[in-house]
Amino acid sequence: MGKYQLGEFEEIVMLTVAILHGEAYGIAIINEMESRLNRSVSIGSLQTVLRRLESKGYLDSKLGESTKVRGGKRKRFFSVTAQGKKAMSESKEQRMGLWNAIPSDFVLNDN
Amino acid sequence: MKSNHHSPPSILLKFFRWFCDPNLVEDIEGDMVERFEKRIENKGHKKARRLFVRDVFQLLRPGIIKSFSGHQKLNQIDMLKHNLLISFRSFMRYKSAFLINLIGLSSGLACTLFIYLWVQDERGIDKFHTNDANLYQVITHHEESGAIRTQDDTQGILAEALEKEVPEIEMALQSTPAFWFGDMPLTIGDKTIKAPGKFVDKRYFEMFTFPLIDGTAESVLASKESIVLSESLAKSLFNTTEGLIGKTLHWQLLNMERTYQIGGVFEDVPANSTETFDFVMSYEVFSDIVGDGMQWGNYNALTYVTLKPNVDVDHLNEKLAPFVKNKVSWSNVTPSLRPYSDKYLYSKYENGVQAGGRIEYVKLFSIISIIILIIACINFMNLSTAKASRKAKEVGVKKAIGAQRKTLIFQYMEESFLMTFVAIVLAIGLVLLFLPQFNDLTNKQISLVFDTNLVKALGAVLVITGFIAGSYPALYLSGLNSITALKGKMKSSIAELWARKGLVVFQFTISIILIVSVLIVHKQIDFVQNKNLGYEKENLVLFANEGKVATNHDAFIDRVKALPGVVNASSTAHTIINGGSTTTGLTWEGQNPEIETSFGNISVFHDFIETLGVEVIAGRSFSNELVSDSSKLILNEKAIEVIGMTDPVGKMVNLWGQDMQIIGVVKDFHFQSLHETVTPMFFKLDPSFLTNIVVRIEAGQERTVVDRIESVYKEYNPDFDFNFTFLDQDYAQQYASERRISTLSRCFGGIAIIISCLGLFGLAAFTAERKSKEIGVRKALGASSVSIVRLLSNEFNKMVGLAVLIALPLSYYLISGWLEGFAYQIDLKVWYFLGAGAAALFIAWLTVGLQTFKAAKINPSQSLRSE
């Protein structure tokens, strides 16, 4: 009980942050998601989810160095916390459990 | 400016920084800029900028927008509450100042609101026609004796020619004004009702929006035998408005009568229409009556046109200018189009050029309303700054614990807005309360409807008044130095004193100008109404020559003359006060053919000149015995002067191609509005067309003599009501609109003065209170009450005195401009101005004196004890 269930978008964001490992900041995450999943993501929706995940303790963030590009503004890099990792693997296990429970005569790619 | 394409729109960035949570702002902004830069490369500037806009708005979501529940916001709401509380307490504590402000502001606002309603109503007159934007009236400019006279009357045949020959004109039609015929009797069975009516073109209801209850616009006047009634007339004749089409009724005018069929019923003409009438008949009937009088030299209709869309009126006017001259080479007439709805406000023409009209009153009152509002605002400013010493401690404490100037300004603004709001609510109450009286006064049917316009206007007034009234106190009080404020060493700076005095002087200057104007407007209107007209306007009874009276006219006049109490009786085709027909058909030997002169043409019966009491200065009047007098004329002095005759009696002139002999000359008398000077005219003996019977009766027994006339009248016309008027009352009616303006300006002027005095009263009370210690010491040392009153009122005398000095020349300048609009003006006497100045001084003394006297009476021990 009291366990936090990751939402679909949240899970994707967590996964992308993990993929980018160490290089995960706003635009990088959006670019990664857009190229891999072929869906458009707005800054607004991403940022809301990132902050929510951070406040749950699944993500951690720190500001990077300032650069000349992007109007001199610093990037905020996100990383997955231990608690986040646990949530991710839990979520993955749940999915796998469900996948495994599918009967063997169920054909996924029926042409 | 340097191209800024490579950076995102700065206004949006600012907006984002404003709403975004400060913890998030930096990196999100960076993200956005990075994305923007990348998009410029991939998709170009335009698209990048557009997408940036989308990004910003997509960030407007909870979690990113900064929190509402932070300390900052709570604090502001608390401050708002706190300020309200302080305002409320200060209202309660200084009740007199609060009441002075409230009464001043709310009565000022009520005046403004009344004037707003009045102005809206004035501007809405005649605007209700669906065609309004394209609807024009043809007016005619007449070149006469080197000047241009403008009139509404046009040739009866103009409309048809215009519609046929001018492609820009969609429809042109003619009608007669209803006032030409007075009330005409309509009979159904044994019921006769008199009502105003007119002859109109059969497409009248297609051009003008007078909705029909029964019948269609195309068909109601299709037949020459058709008459269309107003709803109320139909009801009083038939007690219904339904199923009347096809019913017949009997119509009479002078000795003419007809049987009409009802073609339809229209809704009563609304109050905001300048043309009022209860029934209309086909203009063809009128054409038949006029017969061969339908020519280019005769003015027997009003002409209206609608233009096709997108026609440039100025251009069309240029094109129309020679229209009549092309028809008849001798014409001196230039037709011109005037928007139909301008008729009411822009009716005055000078030398062929639009020269205002009623719009001047509309402007005048708009200015007065603003002035009244400013005077009320000044009260508020003066009293608030004067009482600054009371608030100084509060300001000192607030500043000492770190209040910013901004906060204090906000606080005083809030107070002034609160005050204005309360005043507006009160003003609306006042308006609702006094609206019936206001409607009586202005002869209107205005109601207070809270439509968007009114709400917008009220909102604007709230903001402007609140801001003006609050600005000075807010800036002044918030600028106090906290240390001196806390020490209580409140010394008014010179500048501040000057500002306050200046405002009082300004207030009184305006008040005095208003007093002078009101006084002179009143005098002028009085003068006009009591002017010697060249005849005796008292004890003259007028009534219409109609029915059997008209057919037995001569016998009726003889019967009336024989009645005891009747001095004399006659009849005329003239209205005596409204003016009547004019003609350019009078010519004489040696006349300059280039200059056309129009003469007033008054057809009269025997004894008319005697009945009216016009003085014959040469020759004789028309005689009862001489039949040949129908080929004789009597001219006025002005006409003789224009013709340039010496010893005119017995000489010949030519009228409409017929030689006429001048048998007499009368002294000039007023047969038109007093806005115009006396013009040339002639009397002509013409028993065939006499519309009004005039009876002079003996003074003192009006009632019984009128009863006697009525009983004779009833013998001839048993079915008719005997509707008579006294000429002097009609005359007063003529100037009703001026009188209303005069009464209105008196009311508003009075209110302005009262508001000014309220302010002075407040200031005097305050000064007396502040100086209470000084007064105490002086009294203890033996000063008399009188010397103390003098001490206190000295300052105010100087201010009001200065105001008098400024106001008098200004008011002289303004009022002489107004008087120029009248042909006959009063002389501006010095005492009008001195009297107004003295009145202002007197009122100011009274106001200040009451306060100072009270202060001087206080026992010094009381004022000195309190510390």
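What percentage of the 867 residues in chain B is made up of buried residues? In this predicted model, the buried share of chain B is 49%.

Chain B contains 28 helices and 26 strands. Of the contacts in this chain between residues at least 6 apart in sequence, 78% join residues at least 24 apart.

## Helix 10 of chain B

Helix 10 of chain B spans residues 313-320, and its buried residues are Val313(B), Leu316(B), Asn317(B) and Leu320(B). These residues lie on the same side of helix 10 of chain B, because the arc they cover around the axis is only 105 degrees. In general, an α-helix has 3.6 residues a turn, so residues three or four places apart point the same way.

The face turned away from the buried side of helix 10 of chain B carries the exposed residues Asp314(B) and Glu318(B). The cover over the buried residues includes strand 1 (135-144), strand 3 (169-175), strand 11 (302-307) and strand 12 (333-339) of chain B, together with helix 6 (158-165) and helix 11 (323-327) of chain B.

## Aromatic pairs

Over all chains, a search of the whole structure finds 40 aromatic pairs. One of them joins Phe15(B) and Phe57(B); this pair is tilted, because the ring centres are 6.0 Å apart and the planes stand at 40 degrees. Phe15(B) belongs to helix 1 (residues 10-19) of chain B and Phe57(B) to helix 3 (residues 45-58) of chain B, so the pair ties together parts that are 42 residues apart in sequence. Phe15(B) is partly exposed, with a relative accessible area of 28%, and Phe57(B) is also partly exposed, at 44%.

Phe208(B) and Tyr340(B) form an edge-to-face pair, with 5.2 Å from centre to centre and 65 degrees between the planes. The pair links distant parts of the chain, 132 residues apart: Phe208(B) lies in the loop between helix 7 (204-207) and strand 6 (212-214) of chain B, and Tyr340(B) in the loop between strand 12 and strand 13 (349-350) of chain B. Both Phe208(B) and Tyr340(B) are buried. They belong to one aromatic cluster, whose members also include Phe128(B), Tyr204(B), Phe205(B), Phe210(B), Phe266(B), Phe277(B) and Tyr304(B).

## A nonpolar surface patch on chain A

On the surface, Met96(A), Trp99(A), Ile102(A), Phe106(A) and Leu108(A) form a nonpolar patch that has about 500 Å² of accessible area together. Phe106(A) is found in the segment after helix 4 (82-100) of chain A. Phe106(A) counts as partly exposed because its relative accessibility is 48%.

Note on methods
Residues are numbered from 1 along each chain as its sequence is written. Chains are lettered from A and ligands numbered from 1 in the order in which they are written. This is a predicted model: local features need pLDDT of at least 70, side-chain atom pairs count only at pLDDT 80 or more; totals for chains, interfaces and linings use all residues. Side-chain values use heavy atoms; hydrogens and water are left out. Patches are made of residues with over 30% relative accessible area and no salt bridge: like charges are joined within 9 Å, nonpolar side chains (Val, Leu, Ile, Met, Phe, Trp, Tyr) within 5 Å. Accessible areas come from the Shrake-Rupley method with a 1.4 Å probe; for residues, only the protein chains shown count as cover. A salt bridge is a side-chain nitrogen of Lys or Arg within 4 Å of a carboxyl oxygen of Asp or Glu. Helices (H or I, at least four residues) and strands (E, at least two) are DSSP runs, numbered from the N terminus. Buried means under 20% relative accessible area, exposed over 50%, partly exposed in between (1.4 Å probe, protein chains only). The arc is that of the directions from the helix axis to the C-beta atoms. Contact means heavy atoms within 4.5 Å. Rings of Phe, Tyr and Trp (its six-membered ring) pair if their centres lie within 6.5 Å; planes under 30 degrees apart count as stacked, over 60 as edge-to-face and the rest as tilted.
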